[in-house]
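Reader: I have a model open on my screen and would like to walk through it with you. Could you take my questions one by one?

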There are 2 protein chains.
Amino acid sequence: MSDRPIRVLVADDQTVVREGIVMLLGLLPGIEVVGAAADGEEAVRLVERYGPDVVLMDLRMPRCDGVEATRRIRTAHPATEVVVLTTYADDESLFPALQAGARGYLTKDAGGEEIARAIADVRSGAAGLSPQVQRRLLERLSAAPAGPAELPDGLTAREAEVLALIADGLSNTEIAQQLFVSPATVKTHINNLFAKTAVRDRAQAVAYAFRHGIRRNS
Amino acid sequence: MSDRPIRVLVADDQTVVREGIVMLLGLLPGIEVVGAAADGEEAVRLVERYGPDVVLMDLRMPRCDGVEATRRIRTAHPATEVVVLTTYADDESLFPALQAGARGYLTKDAGGEEIARAIADVRSGAAGLSPQVQRRLLERLSAAPAGPAELPDGLTAREAEVLALIADGLSNTEIAQQLFVSPATVKTHINNLFAKTAVRDRAQAVAYAFRHGIRRNS
DNA sequence: GGGGCTCTCCACCTGCGGGTGGAGAGCCCC
DNA sequence: GGGGCTCTCCACCCGCAGGTGGAGAGCCCC
């Protein structure tokens, strides 16, 4: 896979943790620790100086936090990959970090072997996410398109149906034909759902429908 | 982690592959193969009969393909997890399978150890995705919200701007005020972008904007 | 039975949205 | 300089969308 060692930079504000990780990584074959940073700004600086292959990044750091540091590193040095290694894997930390460009995400209960594997995976162009993080990603993936979607704002089923057809771009008469009712009925439903959803016209209604995941067959 | 063995069902239409996997899994400690199916329908039936912990599922199968089988299994038996094991990891296979409820996704070049790890991860409530698949997920994650977003259908920047404001629910006069131009200009832009995007009215335009990710500041 | 909700329908009015045709100014590129 | 593109603006017309007020029928629940 790799004949030359993977050059790694460690960024963590807690000295004990930082030095411990450096020690741990130093023992692993195929990994060379080229530097250690105590905050985000230093991490960015050291990346510019040493050009490491992978940065092992803590998220909660003073001055410039891990997400911001990740973003800067990824935009300025796309060849340097970032693996986040943090204590908790809450959504507020996780998704911003991943969107900032982190390719790996591990919690600190990961063992040395896991860290090494994630570093190697990331270096080889893949990704190194802990299984728990993978699961979060899947949930987010299926959350948006699946959308079980309760009807919000007290919409009736009929009103939601009309709203879905509006979002499909149908005119009032077309909706009437589709639902086998009179155009007047459609207008009534529309006026009611406009009032309930606090929108002014069908354009805003379409936006509302998209935001609330109201589509046909729902 | 688990004192009792993980009960696994294998689904693959190619006999050699199926039996090979069964053999391979049988050698692994902590895994018990409870059945093998040659197509999707049989997989669903065998899941109902044996209630396995995990189904190792090929995607391309006759009668009822793996995606459909996964969906049925996950809705009817939420306790049974599905790990996809297929030859290629193209997007057309990958995302439908994950959205159908697969918690694991491996390609067939994975070794026995990898498969075992994925099965164990999935069983413990996490997820078992190959590093390549993880990377795809990350790309999709940052593709949607980031949205570098080329302007489709030859829209000009100004037209896209107007379209974004339409999607925000603004009226023509409001858009005119926002852009410091005359309402007539707004109407011109709107008529042009309607023609280019082949929409009929602003309701359809809003849907178009949402589908193409045209929002403000883009 | 009475009250409340939903779905259905009607008439009327206003105005914004959408369509057409035309035109001038600034820009870039050949 | 000429041609093409974009952005800007105007006038005119029409129709559907949106707002109001009202009403009858079916349903469920107290």
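Author: Happy to, and a definition comes first: Ala, Val, Leu, Ile, Met, Phe, Trp, Tyr, Cys and Pro count as nonpolar, Asp, Glu, Lys and Arg as charged, and the others, Gly among them, as polar. This is a predicted model, in which local features need pLDDT of at least 70 and side-chain atom pairs count only at pLDDT 80 or more, while totals for chains, interfaces and linings use all residues. Residues are numbered from 1 along each chain as its sequence is written, chains are lettered from A and ligands numbered from 1 in the order in which they are written, and side-chain values use heavy atoms, with hydrogens and water left out.

Reader: Thanks! By class, how many nonpolar, polar and charged residues does the surface near DNA strand D have?

Author: A residue is near a strand if one of its heavy atoms lies within 4 Å of it. Sorted by class, the surface near DNA strand D has three nonpolar, eight polar and five charged residues.

Reader: Which residues come nearest to DNA strand D?

Author: Sugar and phosphate make up 66% of the atoms of DNA strand D that come within 4 Å of the protein. There are 16 residues around DNA strand D, and the nearest are K187(A), T156(B), R158(B), S182(B) and T185(B).

Reader: Which residue has a polar side-chain atom 2.7 Å from a phosphate oxygen of DNA strand D?

Author: Polar contacts here are pairs of N or O atoms within 3.5 Å; within protein, one must be able to donate a hydrogen and the other to accept it, and residues adjacent in sequence count only if both atoms are side-chain atoms. The side-chain contact at 2.7 Å belongs to T185(B).

Reader: Which element supplies the largest share of the surface near DNA strand D?

Author: Helices (H or I, at least four residues) and strands (E, at least two) are DSSP runs, numbered from the N terminus. Both α9 (183–197) of chain A and α9 (183–197) of chain B supply at least two residues of this surface. The largest share, four residues, comes from α9(B).

Reader: And which side chain has an N or O atom 2.2 Å from a base oxygen of DNA strand C?

Author: Of the atoms of DNA strand C within 4 Å of the protein, 65% belong to sugar or phosphate, and the rest to bases. Phosphate oxygens of DNA strand C lie 2.7 Å from a side-chain N or O atom of R158(A) and 2.8 Å from a polar side-chain atom of H189(A). The side chain at 2.2 Å from a base oxygen is that of K187(B).

Reader: Which element gives the most to the surface near DNA strand C?

Author: The residues of this surface divide into three nonpolar, eight polar and five charged. Among the 16 residues around DNA strand C, those that come nearest are T156(A), S182(A), T185(A), K187(B) and R202(B). With four residues, the element that gives the most is α9(A).

Reader: In what order do the strands of the sheet in chain A lie?

Author: Strands pair if DSSP finds at least two bridges between them. The edge strands of chain A, each pairing on one side only, are β2 (31–37) and β6 (128–129). Six strands form an open sheet with parallel pairing, in the order β2-β1-β3-β4-β5-β6.

Reader: In β4(A), what is the bridge partner of V55(A)?

Author: Strand β3 (residues 54–57) and strand β4 (residues 81–86) of chain A run parallel, joined by four bridges. Within β4(A), the partner of V55(A) is V82(A).

Reader: At about what angle to β2(A) does helix α1 of chain A run?

Author: Axes are lines fitted to C-alpha atoms, for helices over the stretch in contact (heavy atoms within 4.5 Å), and angles run from 0 to 180 degrees between N-to-C directions. Helix α1 (residues 15–27) of chain A lies across β1 (6–11), β2, β3 and β4, and its angle to β2(A) is about 165°.

Reader: Last one: which residue of chain A has the C-alpha nearest the axis relating the copies?

Author: Copies are superposed by least squares on the C-alpha atoms of residues with pLDDT of at least 70 in both. A rotation of 179° with 0.7 Å of shift along its axis superposes chain A on chain B, at an RMSD of 1.3 Å, so the two copies are related as by a two-fold rotation axis. In chain A the C-alpha nearest that axis, 1.9 Å from it, is that of A203(A).
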